[in-house]
Amino acid sequence: MNKRILIIGGVAGGASVAARARRLDAGAEIIMFERGPHVSFSNCSLPYYLSGVVGNSDALLMMSPEKFQKVLRYRRTG
């Protein structure tokens, strides 16, 4: 039986855990729950967006749920 790993919360912490878990166990079923619409965005650039230096918040997105699923073989639910 394969491992099932549940990760609560995406963005930097959850995405890092998911990627590391995939490297450690390629056969594990990894499910990441994220309340918001994005799984990865640039936290470091957030002050630039809030100050108006970066005008479009889409510029902060690092990876969409679809790309995350394709690259790391994740299944999106919901």
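## Salt bridges

At 22% relative accessibility, aspartate 25 is classed as partly exposed (buried means under 20% relative accessible area, exposed over 50%, and partly exposed in between, with a 1.4 Å probe and protein chains only). The model is predicted: local features need pLDDT of at least 70 and side-chain atom pairs count only at pLDDT 80 or more, whereas totals for chains, interfaces and linings use all residues. Residues are numbered from 1 along each chain as its sequence is written, and side-chain values use heavy atoms, with hydrogens and water left out.

The structure holds two salt bridges, a salt bridge being a side-chain nitrogen of Lys or Arg within 4 Å of a carboxyl oxygen of Asp or Glu. Aspartate 25 pairs with lysine 3, with 4.0 Å between the closest N and O atoms. This pair links distant parts of the chain, 22 residues apart: aspartate 25 lies in the loop between α1 and β2, and lysine 3 in the segment before β1 (4-8). Lysine 3 is exposed at 53% relative accessibility. The other bridge joins glutamate 29 and arginine 4 at 3.0 Å, N to O. Here strand β2 contributes glutamate 29 and strand β1 contributes arginine 4, 25 residues apart. Glutamate 29 is partly exposed at 26%, while arginine 4 is exposed at 59%.

## Fold and contacts

The protein has three helices and four strands, taken as DSSP runs numbered from the N terminus (helices H or I, at least four residues; strands E, at least two). Their order from the N terminus is β-α-β-β-α-β-α. Among contacts between residues at least 6 apart in sequence, 52% join residues at least 24 apart, where contact means heavy atoms within 4.5 Å.

Of the 78 residues, 27% count as buried. The largest nonpolar core comprises six residues: Ile7, Ala18, Ala21, Ala28, Ile30 and Met32. Helix α1 (11-24) and strand β2 each supply at least two residues of this core. Such a core is a set of buried Ala, Val, Leu, Ile, Met, Phe, Trp, Tyr and Cys residues joined through side-chain atoms within 4.5 Å.

## Surface

The protein exposes about 5,600 Å², of which carbon and sulfur atoms supply 57%; accessible areas come from the Shrake-Rupley method with a 1.4 Å probe, and for residues only the protein chains shown count as cover. Leu6, Ile8 and Phe33 make a nonpolar surface patch of about 340 Å². Patch residues have over 30% relative accessible area and no salt bridge, with nonpolar side chains (Val, Leu, Ile, Met, Phe, Trp, Tyr) joined within 5 Å and like charges within 9 Å. Phenylalanine 33 belongs to strand β2 (residues 29-33) and is partly exposed, with a relative accessible area of 41%.
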